[in-house]
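Dear colleague,

I am passing on the structure we spoke of, with the sequence alongside. Please look through it first, and then read my notes below against it.

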Amino acid sequence: MANPTCDTSPILVRNAMLWAAGDGVQHRDVLFADGRVVRVGQAGSLRPPAGARLIEARNHTLLPGFVDLHIHFSVRGLPSQGPEPRDTAALSGRQLLRSGVTSGRLHLSSLETGADLKRRAAHPCAPLPRLQVGGPRLGGATPEREESAFWGVRSPEDAAAKIDRIWAAGLDWIPIHEAHRFGPGVLQALASAARRRGLRIMGSGADFEELAAVLTIRPDTLDYIDLSAADYPPDLLARVASSGATLAPTLGYAHRLRAFFDDPALVQAPEHFEFMAPPDAAAVLATARRELAELPYVAATLDAYPRLARKFAQLRGTGAPIAIASDVGSPAHFQAAGIWWELNAWRTFGLDVESALRAATQTGAQALGDLSAGNLRVGSHADFILYEGEIGVGPLDPSRIRTVAKAGALFVHDGHWVGEP
C-alpha cells in the first residue's frame, strides 16, 4: 500500500487559549514545524515563517491531541475478511482522528494486523492515530486456544515462545486476561518473558479475582472496572495503590449505553456512520440495535451503571494515576466521539474538566512512555485540537472541534474532515 501524501508545512496557531495540564489556560501563539512544537509565545507575538499555514484561533481553546489507552479497530457489522472485506482500521482511524484522538493503544490484534497497523500509523499523513499495539489476548481460561487475536497458553515454555513471537512481530504490549486461571507458573513466565523482551503488560482487572491475580506480576496498566455489586476490598485497593500501574477504567461505555437506552434515537446519530457507504451504515446500525437488545455483556454493563460512580471514587482514592481508556469498538460503542463519552462520564461521576483532560492527555502519554504526546511544550508532537470557545464552559461536545492535527498534518479544519477521503 502506497504511503499517503499531505501538507506538512509549518502551522502558526494565533490567538489561542492554550490549555496545559496543571497550568490552566493562557493566551498564546503556537508554531508547529517538522512535526513538532517549535515555539510558544504571547498571543500576537509570533510571525508565520515563509510558506506557513495560518490558523486564527479567535480565542478558541488549543488542546494537545487526545491519548486513548484502550481502542479497538473493529467495526461491528462490517467484515474485515472474506470476499468483500472493509478496511475497518481506516474507518476507525478516521473516526478517532475526527474525535481528536491522535495517539492510542490498540487492544487485541493478530501479529500480522498489529504490525501492519503500527507501520501505517507511523506515517504522518496516515489517517490513523499514532499507535502502540497490543498483540493477541493471552487468556488463562482456554490454554489450547490459538486464533488470530486470542491465544491460550499451555505452559511456562509455551508462554516464553508466544512472547518471543509477539516481540518478533514488533508489537509493544501484551494483554493479559483471566490471570487467575492460568496453569502453574504460566502467569509469571509470561511476565518474565515480556520484561526480558521489553514488552509492556496490560492487565485486565474486570473483577476482583482477576485483579488480585494480575497484580502479582505488577502490570503497567490495569484496565476495566469491576461491575459487581460489592465494593472493592480495602486490601485489594491497597495493592492497587502500591502497584505502580496506571489505571484505565472503561467508564464511558456504560455512560453511552445508558444514554442509548434513555433515548434510542441517539444510536442513529449521523457522526456514527461518517466515512461509511449507505449500505455499510445500515448494517452497522442494525448490528448496534441488535447488540443493545440481545447481548448479556451490554445488559450487565447497564446494570452496573448506577454503581460506577462509587467504584470510580474508590479507584481514585488509591492515588494511582488514571488515564482515559474508552474501549471503543465494543458492542454499540462507535469510534466516533467515543472519547468524549469518556470525558463526560468523568464529569458525571464528579470530576472537573481539568482532571478529565489531564487523563486524556498527560496521564495517557505517560502510560505509553511517550512524553512528546499529551502536551504542547516546545519539542512535543505537533498533535493538537482547536476547540470552539472555552473548554470548561458548557458540555464537552465533539461538535465544537474546529481543527485536528497529527504530526503537523491537518485532518479536520473549520469543523470539516480534510484528510485523505
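What follows is a description of some helix contacts and some strand pairings.

Please keep in mind throughout that this is a predicted model.

I begin with the helices. Helix α10, which covers residues 338-348, packs against helix α11, residues 353-360, at an angle of about 145 degrees and with the two axes 9 Å apart, and the crossing of α10 and α11 is right-handed. On the α10 side the contact is made by L343, W346 and R347, while α11 contributes V353, S355, A356, L357, A359 and A360. Sorted by class, the contact of α10 with α11 has 7 nonpolar, 1 polar and 1 charged residues.

Helix α10 also packs against helix α7 (residues 252-262), here at an angle of about 95 degrees and with the axes 8 Å apart, and α7 and α10 are therefore roughly perpendicular to each other. In this contact G252, Y253, H255, R256 and A259 of α7 meet G338, W341, E342, N344, A345 and T348 of α10. By class, the contact of α7 with α10 has 4 nonpolar, 5 polar and 2 charged residues.

Turning to the strands, β5 (residues 61-64) pairs with strand β1 (residues 11-20) in the parallel sense over 2 bridges, and the bridge partner of M17 in β5 is T61. With strand β16 (residues 384-387), on the other hand, β5 pairs in the antiparallel sense over 4 bridges, and there L62 stands opposite L386 of β16. As for the side chains of β5, T61 and L63 point one way and L62 and P64 the other way, and all are buried.

There is also an open sheet of 7 strands, with mixed pairing, whose order is β10-β11-β9-β12-β13-β14-β15. Strands β10 (146-147) and β15 (246-248) stand at its edges, each with a single partner strand, so one side of each is left without a neighbour in the sheet. Strand β15 pairs with strand β14 (residues 221-223) in the parallel sense over 3 bridges, and L222 stands opposite L247 of β15. Helix α3 (residues 156-168) lies across β9 (137-139), β10, β11 (150-152) and β12 (173-177), and α3 runs at about 155 degrees to β11.

Methods
Residues numbered from 1 in each chain as written. Predicted model: local features only at pLDDT ≥ 70, side-chain atom pairs only at ≥ 80, totals over all residues. Heavy atoms only, no water. Axes fitted to C-alpha atoms, helices over the stretch in contact; angles between N-to-C directions. Left-handed = near helix turned anticlockwise from the far one by under 90°. Contact = heavy atoms within 4.5 Å. Nonpolar A, V, L, I, M, F, W, Y, C, P; charged D, E, K, R; others polar. Buried < 20%, exposed > 50% of the residue type's maximum accessible area, 1.4 Å probe, protein only. Pairing = 2+ DSSP bridges. Parallel < 35°, antiparallel > 145°, perpendicular 65-115°, else oblique.
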